[in-house]
Every structure is written in C-alpha cells, then in structure tokens.
Amino acid sequence: RSLRGRFLLLSVVQRTTDQHVLKQIMSGGGLALLEAWLVECKKSHPKLLPPILKALLSFPVTLRVLQADNCNIGKVVSGLKKHATAEVADTAQRIVNKWKALVDSRMDAKLDDIPLAKRKREDSE
C-alpha cells in the first residue's frame, strides 16, 4: 500500500519483457489493481500517474479484458487524456490509441468473416 512499494512494483512491471509473466500479472488482478491506483492517485498522488500509465502500456491487454463488465480502465485512462501534466496526457493518449487499434482490428476480423454480398446488403439498408 505504500507509495514506495507501488513505485517498486511499477518499476518491475515496466522492465518485464516476458509476455507470459505480464499476462500472469494481468490475469492475477494486476489490471484491476492498476485501475484502482489510477482512480486513487488522480486525486491524492498524481506523481504516481506516469509510472502507472507506463506499466499499462506494457500489459498485453485483450479485447475481452477491456469489455469485461467489471473493467472501467478504458474510461479512467481516457479521462486522463486531458490531464494538466503533458506526460500523463500523452501517455494516456498512447494507451487509448493502442486499445482502439486492438478494437478496430477485432472489428475488421469480424467483418472479414461476413460474406461480401451480405455486407453490401446491410450497408444499403
């Protein structure tokens, strides 16, 4: 719970390059923890926002995770795009762009599964 402990954990996550380890952290509640820290730190510890956001950039987030009922991290991060600190705003924007690209790629993949004739009919309606 201490700020020092949070900085240490965030530093380890940022330096971890093994995607399997990052997935384990994420599936073990790491994403929910970072979401809670973002909400808390927005008001009480703004110096922690940049390392939290940088850690989020390294997580292999999936569309399923972003669309989970209990996940509001997209809204929380999106709300930081207009933060007064440029580093926070820029990093939040990078995360949103990354996640939007993930959503867009999934939507494109779904469209590829729909026969072209059916898509044309739906577009003309």
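Start with the whole chain and its contacts (heavy atoms within 4.5 Å): among those between residues at least 6 apart in sequence, 71% join residues at least 24 apart. You're looking at a predicted model, where local features need pLDDT of at least 70, side-chain atom pairs count only at pLDDT 80 or more, and totals for chains, interfaces and linings use all residues. Residues are numbered from 1 along each chain as its sequence is written, and side-chain values use heavy atoms, with hydrogens and water left out.

Now switch to cartoon view. You'll find 7 helices and 0 strands; helices (H or I, at least four residues) and strands (E, at least two) are DSSP runs, numbered from the N terminus.

Next, select α2 (residues 19–44) and α3 (residues 49–58). They pack at about 150 degrees, axes 10 Å apart; axes are lines fitted to C-alpha atoms, for helices over the stretch in contact, and angles run from 0 to 180 degrees between N-to-C directions. The two are therefore roughly antiparallel, the word for angles over 145 degrees.

Show side chains here: on the α2 side, Trp37, Leu38 and Cys41 are among the residues meeting α3, whose own partners include Ile52, Leu53 and Leu56.

Then pick Leu38. Leaving out residues up to four places away in sequence, Leu38 touches Leu49, Ile52, Leu53, Leu56, Ile73, Val76, Val77 and Leu80.

Buried means under 20% relative accessible area (1.4 Å probe, protein chains only). Of its 31 residues, Leu38, Leu53, Leu56, Ile73 and Val77 touch the most other members. The largest share, 7 residues, comes from α2.

Methods
Parallel < 35°, antiparallel > 145°, perpendicular 65-115°, else oblique. Core = buried A, V, L, I, M, F, W, Y, C linked by side-chain atoms within 4.5 Å. Buried < 20%, exposed > 50% of the residue type's maximum accessible area, 1.4 Å probe, protein only.
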